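Reader: I have a protein chain to look at and would like to go through it by asking questions. Please keep the answers plain.

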Amino acid sequence: MNLFKSRLKPLPQGKWHRRVGVVGRRSASATTLIILALMTSPTAWAVTVTSCDRQVSVAQPPQRAVSHDVNMTAMLLALGLKERMAGYTGISGWKTLDPSMRAQLDGLPELAARYPSLENLLDAGTDFVFAGWNYGMRIGGEVTPASLARFGIPVYELSESCAHVMPGRVASLDDVYNDLRNLGRVFAVEDRAETLVQGMQERVADVQARLGERPTRPRIFVYDSGEDVPFSAGRQGMPQPLIEAAGGRNVMDGVAGSWIKVGWESVVEEDPELILIVDYGERTAAQKRDFLLQHPALQGVTAIREQRFVVLPYLAVTPSLDNATAVEILAAALHPKAFAP
């Protein structure tokens, strides 16, 4: 009875049971039409997806979504959701966009150059946020799923970032597939999401087929930045599954962390055969390469002696559609014979 009560005006006498009685005397076909109308209402559409260790329910497809960082923004754009976005945050304050991405974002406002505030999001009339832990949200910070829930704004967390609130969680390419599919459900664009997922899976599968069964995996060190102390990636960060899928081994896979600080002595001890430089931050990839080549402690490292480097942009080494490209590039560098023309 509550379903009918919420959608029908009371009789002058204010007796709801009389109104329901009227409905009960309708023909079967009329009643069926009413039920179908209720089933197709926004409330009936509502979906629930899992985000980290939470269940997130959305009553209707968002119309004023906000994404954080270039990787999550690129996902929404690839899903064809630009017209349903109020804006994005956290791009210009950290990195320079390539011309293609800049063109895609034309006309879409950046609400905050770095971290968004509650005020930024509320002023934009935000009805959905796609962000992650250490990707726009910090534990105990101003913007979190809990703080936004008070304003009725649901938050979907980037799956890879869940390691910050779910200790022991290891990153996987399935994280990206899962995020795309969940976003497809939330925005009612499941077919488009599935097409993107299948495209990535096919490209990764092709790499696996070329590699075949290989008993040895070349050692890779991920170098993001840092001179006194290098900033790298542990087994909970996205580079881990990318390196594994490409037939390599992350030399920091023994560290339970996402993006981590390590010691140069650890790098020397692991003797990486290839160094993956992340093209990100104030220093260019060329400057990072020159620094590594000249570092006194690294002169005996195989990758330095043989000058074996791969450069990948930030977008390719964080959860994104570009992860398939990263796997292809890394695999070709690690196993050139398998990918020879």
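Reader: What percentage of the residues in the protein chain are buried?

Author: This is a predicted model, and the values here are computed from it. A residue counts as buried when its relative accessible area is under 20%. The protein chain has 341 residues, and the buried share of them is 47%.

Reader: How many helices and how many strands does the protein chain have?

Author: Helices and strands are both present in the protein chain. The counts are 16 helices and 14 strands.

Reader: Which residues form a disulfide?

Author: A disulfide is a covalent bond between the sulfur atoms of two cysteines. A search of the whole structure finds one. Its sulfur atoms are 2.0 Å apart, and they belong to Cys 52 and Cys 162.

Reader: How many residues apart are Cys 52 and Cys 162?

Author: Cys 52 lies in the loop between strand S1 (47-51) and strand S2 (54-58). Cys 162 lies in the loop between strand S8 (155-157) and helix H9 (173-186). The pair therefore links distant parts of the chain, with Cys 52 and Cys 162 separated by 110 residues.

Reader: Is the disulfide of Cys 52 and Cys 162 left-handed or right-handed?

Author: Both cysteines, Cys 52 and Cys 162, are buried. The torsion about their S-S bond is about -90 degrees, so the disulfide is left-handed.

Reader: Is Gln 236 buried or exposed?

Author: Gln 236 sits in the loop between strand S10 (231-233) and helix H11 (239-245). Its relative accessible area is 7%. The cut-off is under 20%, so Gln 236 is buried.

Reader: Which backbone oxygen does the side chain of Gln 236 reach?

Author: Leaving aside neighbours within four places in sequence, the contacts of Gln 236 include Glu 160, Gly 168, Arg 169, Val 170 and Ser 258. For one of these residues, the side chain of Gln 236 comes to 2.9 Å from the backbone oxygen. That oxygen belongs to Arg 169.

Reader: Are helix H10 and helix H16 roughly parallel or roughly antiparallel?

Author: The axes of H10 (residues 190-211) and H16 (residues 323-334) come within 9 Å and cross at roughly 10 degrees. Angles under 35 degrees count as roughly parallel. H10 and H16 are therefore roughly parallel.

Reader: Which residues in H10 meet H16?

Author: On the H16 side, the residues met are Asn 323, Ala 324, Thr 325, Val 327, Glu 328 and Ala 331. By class, the contact has five nonpolar, two polar and two charged residues. On the H10 side, the residues are Met 200, Arg 203 and Val 207.

Terms used. Residues are numbered from 1 along each chain as its sequence is written. This is a predicted model: local features need pLDDT of at least 70, side-chain atom pairs count only at pLDDT 80 or more; totals for chains, interfaces and linings use all residues. Side-chain values use heavy atoms; hydrogens and water are left out. Axes are lines fitted to C-alpha atoms, for helices over the stretch in contact, and angles run from 0 to 180 degrees between N-to-C directions. Helices (H or I, at least four residues) and strands (E, at least two) are DSSP runs, numbered from the N terminus. Angles under 35 degrees count as roughly parallel, over 145 as roughly antiparallel, 65 to 115 as roughly perpendicular and the rest as oblique. Contact means heavy atoms within 4.5 Å. Ala, Val, Leu, Ile, Met, Phe, Trp, Tyr, Cys and Pro count as nonpolar, Asp, Glu, Lys and Arg as charged, and the others, Gly among them, as polar. A disulfide is a pair of cysteine sulfur atoms within 2.5 Å. Buried means under 20% relative accessible area, exposed over 50%, partly exposed in between (1.4 Å probe, protein chains only). A polar contact is a pair of N or O atoms within 3.5 Å; within protein, one must be able to donate a hydrogen and the other to accept it, and residues adjacent in sequence count only if both atoms are side-chain atoms.
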